[in-house]
Amino acid sequence: MSGSPGWYLRRLSRMRPREVGGRVGDAVRRRRWRSAPPDCPSVPGARFTAVLPSGTVAAVPPDAAKRLAAEADRLMDGHAEFFGVDRDDLAAPDWCYDPKTGRRAPQVYAFDVPYRDEEAVGDIKQIWEPSRHQYLTVLAAAYAVTGDERYAERVAEHLRSWWAANPPLRGVHWTSGIELGIRLLSWVWIRRLLDGWPGAAGLFEDNPVALTQIWHHQRWLAAFPSRGSSANNHIIAEAAGQFAAACAFGWFPSSARWRADALRSLERHLRSNTFVSGLNRELATEYHGLVLELGLAAVAEADAAGVPVPASIRLVLLRMTDALAAVVDNRLRPPRQGDADDGHGLVVDGAGTDRWGSLLATGEAVFGRLAWWPAVPGTDVRTPLLAALIRSPAPAVTRPANRPAHFADAGMTILRGPAEIWCRCDAGPHGFLSIAAHAHADALSVEVRHDGVDVLADPGTFCYHGQPEWRQYFRSTLGHNTLQLDGGDQSVSGGPFMWTRHARSRVLVAETSGASDGGTTRWCAEHDGYRPSVHRRRVELTAAAKELKVVDEVRGPRRAVRLAFHLGPAIAAELEGDRAVLTWTRDGEDRSAVLDLPGQLNWRAHRGETDPPLGWYSAGFGRKEPTTTLVGTGFADGTALLGEFTTVLSFRA
């Protein structure tokens, strides 16, 4: 359990001495800060100059503007949805209230708030999310696009309400650096988008309350950076928000130092969080998107303020963009890998705007597209805004001449076939850093789509805090399309965001060419998570036959086996013996496939079970729905009969 003595001991065991020393210093500082916070220094004559270039808003596509206005009107009516919970109280929010549990977080000294304890605080994600103020960036964008002052006035009303309800170092909104960093970035964009409104200066630079909040946010981020084994996407959000504020709100005596320190941190951690191939080291796709959004927003602030940034930052963002273009399927959907909490860096678009299409559109505008890139619609609000600010040219480096399919450093391989067959094969490291916080026990799992429809699906994430049995299921080996031995996970969990033993995987074969001429692409890998046994998996995609073969081999002593295949929510399945007929509809057309399963195992279909959980799909954080999971049980003992299991997925014309 997170927060128990055992958890603290396990957590401590994953830290190096330097991190331990830094955390001891943090603890001392928190005690010292318990006294009344210092006053914000006076900044007479502060002015906001990081405005959008003239004509930028006119470049917003009409359909994107229409979606934005519709979303803004919904927000004006007080309606929003956060993680599967419909809110109707956003006209006058209670900033510490969780509508999911009905609990309110206490307004005490920030570092006394037990924010991981749902019984005491409520669902912390439900409380934190509105206070990222990304719904206010949507309202501010709607003002910039339409000129309707109702939107600006609502933004001002809510910011003043939030500032009054959350004074520095009081309450749950001062406990997590990623929240402060993203909130600062939102405030920068709110001020920018409200620039034509007569009340903008009075809301920000001429408002002592706003100045105090901005200064204390930056003071907090400078004092308490994420450290060591926690230096994942959180530190990038902290650095990006700090840097953006120190550029756009560079009015304080410490602004130059904060800006320089944040830029150094951003450069260092963008590199350390990203493989050379461009994929995010957390191997959690949504965090790839979050980090890319934050990095692009930071570069936009640098260019707007005339602050030089290291070439390595733009190079990492370029590689991340090309990697994203390489791994998406034909519908621009990326892999569903690792944790996902619907986190965004900058939100200025209405509902229905495709996140990944928007990111690729921005990448095309900033870096230029390559010939092999998929077609990108380019109908979003954010792209023309960012592109207007990012003025420096793309790095002069050699980019991939052909679409990459095997990312050796990340252990990800994409097999593609006709009729838009897409298959992701996973043999990468078990997450990032010593705790691998956002990893799942999914070594050698596969994810298969047909024309963008999940056929063999990665079930997703669903939750982080408060529901341990569901957190355990969605990150478990059984919760993925792979093989489980003796009822345990391949890697050993030490808590909801910690793994104490990591399975090690290696790719043996990755032959990704040949599908275009009807040939066969192949992948083979193995992992040691079930020592002394070894699980090896071979995958072959034969283009001419529209057939995917998966062969699982277990080498070692006799072990109990469970082999799982999770079907997407659109798939209906009829299981008879060791054959399942799969049917679904795409764009009004009936589609089907046959899944021939290993005959040595006994097969059952599971759907929507809760004790224990099995047969679920989470389309987004906080949301889950029943789906069909096929599970085969039996034994493996390393012999040819009992140690090898063959599955064949055949798509029908």
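Contact here means heavy atoms within 4.5 Å of each other. The legends below describe close-up views of a predicted model.

**View 1. Packing of helix 11 against helix 13 in the predicted model.** Two packed helices are described by the angle between their axes and the distance between the axes. Helix 11 spans residues 233–248, and its axis comes within 9 Å of the axis of helix 13, with a crossing angle of roughly 20°. Angles under 35 degrees count as roughly parallel, so helix 11 is roughly parallel to helix 13. The crossing of these two helices is left-handed. On the side of helix 11, the residues in contact are Asn233, Ile236, Ala237, Ala240, Phe243, Ala244, Cys247 and Ala248. Their partners in helix 13 are Tyr287, Leu290, Val291, Leu294, Ala298, Glu301, Ala302 and Ala305. Of the residues in this contact, 14 are nonpolar, one is polar and one is charged.

**View 2. The second largest pocket and its lining.** This pocket has a volume of about 1,400 Å³. Its lining is made up of 50 residues, and Asp342, His344, Thr353, Arg355 and Arg623 lie nearest the centre. By class, the lining holds 20 nonpolar, 13 polar and 17 charged residues. Several helices and strands each contribute at least two lining residues. The helices are helix 3 (62–76), helix 6 (134–146), helix 13 (285–305) and helix 15 (355–367). The strands are strand 1 (80–82), strand 24 (616–620) and strand 25 (623–626). Strand 24 gives the largest share of the lining, with four residues.

**View 3. The largest cavity.** The structure holds five cavities of 30 Å³ or more. The largest cavity contains about 120 Å³ of space. It is lined by 19 residues, and those nearest its centre are Asp426, Pro429, His430, His440 and Asp442. The lining of the largest cavity comprises seven nonpolar, nine polar and three charged residues.

**View 4. The second largest cavity.** The volume of this cavity is about 100 Å³. Its lining consists of Leu279, Asn280, Leu283, Ala284, Thr285, His288, Leu324, Val327, Pro335, Gln337 and Met412. Two elements give two or more residues to this lining, namely helix 13 and helix 14 (311–327). The lining of the second largest cavity has seven nonpolar residues, four polar residues and no charged residues.

View 5. Most residues other than glycine have a negative phi, and most peptide bonds are trans. Pro532 is placed in the loop between strand 14 (520–527) and strand 15 (534–542). Pro612 belongs to the loop between strand 22 (609–610) and strand 23 (613–614).

**View 6. A positive phi at Leu169.** Leu169 is a residue other than glycine, yet its phi is positive, with a value near 70°. Leu169 lies in the loop that runs between helix 7 (149–165) and helix 8 (177–193).

How values were computed: Residues numbered from 1 in each chain as written. Predicted model: local features only at pLDDT ≥ 70, side-chain atom pairs only at ≥ 80, totals over all residues. Heavy atoms only, no water. 1 Å grid on protein atoms, 1.4 Å probe; cavity = no way out; pocket = protein on both sides within 12 Å on 5 of 7 lines; lining within 4 Å. Points joined across faces, edges and corners; volume = space filled by probe spheres on them. Nonpolar A, V, L, I, M, F, W, Y, C, P; charged D, E, K, R; others polar. Axes fitted to C-alpha atoms, helices over the stretch in contact; angles between N-to-C directions. Parallel < 35°, antiparallel > 145°, perpendicular 65-115°, else oblique. Left-handed = near helix turned anticlockwise from the far one by under 90°.
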